[in-house]
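Here is a short report for a first look.

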Amino acid sequence: MGQDHIRYDILAQDALRSVIRKVLTEVAATGHLPGDHHFFITFLTGAPGVRISQHLKAKYAEQMTIVVQHQFWDLKVSETQFEIGLSFSDTPEKLVIPFNAIRGFYDPSVNFELEFDVAATEEDEGAEITAYPIAQSETTADAGTDAAAKSGDDGKKEGGSVISLDSFRKKN
């Protein structure tokens with residue numbers, strides 16, 4: 001079998017991340033989420049380009065899940081990252097999250113979710129991607145817990161389709 005010089009795995013990952021980018025861009029333009037939509041976004045706190053307060057970094061050393069629902073502000077989306085203001089235990093925080101740092105994206109209102117295998121360092125940029133249901137993390141940030149409680153979402157998710165890009169890859 002030949003070597004994949006095109007790098008379909010990276011192209012597929014970029015395409016799926018563009019879904020998140022487009023959704024967040026539309027929310028930033030309108031200033032609110034349509035209907036009952038809200039998002040659980042899990043990201044690696046130590047990934048290159050992530051900017052969060054030292055307090056949050058100490059509390060969530062590896063990964064963190066935020067909920068974008070009722071109380072957020074200053075959502076700005078660029079080609080490579082997004083910035084958002086959220087409140088954690090009544091303390092306002094600004095977070096900068098590169099799309100490459102995102103491990104999971106879930107919209108429980110329509111049971112849509114993506115999960116990525118994210119490399120912890122820039123040298124591992126060619127990380128594989130698998131899209132499948134994700135479980136609520138034990139390291140969910142206070143904002144996510146508060147928002148989930150307000151929405152009546154108990155973190156339980158119904159089963160979804162399992163899609164693995166590995167099944168489409170040629171084996172060497």
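Two strands pair if DSSP finds at least two bridges between them. Helices (H or I, at least four residues) and strands (E, at least two) are DSSP runs, numbered from the N terminus. The model is predicted: local features need pLDDT of at least 70, side-chain atom pairs count only at pLDDT 80 or more, and totals for chains, interfaces and linings use all residues. Residues are numbered from 1 along each chain as its sequence is written, and side-chain values use heavy atoms, with hydrogens and water left out.

| Strands | Bridges | Facing residues |
|---|---|---|
| strand 4 (residues 81–88) and strand 5 (residues 91–98) | eight bridges | Leu86 opposite Glu93 |
| strand 1 (residues 39–44) and strand 6 (residues 102–107) | four bridges | Phe43 opposite Ile102 |

Strand 4 and strand 5 make a hairpin with two residues between the strands. There, Ser89 takes a positive phi near 50°.

Now the surface. Ile6, Tyr8 and Leu11 form a nonpolar patch there, with about 330 Å² of accessible area together (Shrake-Rupley method, 1.4 Å probe). Patches join nonpolar side chains (Val, Leu, Ile, Met, Phe, Trp, Tyr) within 5 Å and like charges within 9 Å, from residues with over 30% relative accessible area and no salt bridge. A salt bridge is a side-chain nitrogen of Lys or Arg within 4 Å of a carboxyl oxygen of Asp or Glu. Leu11 lies in helix 1 (residues 8–30).
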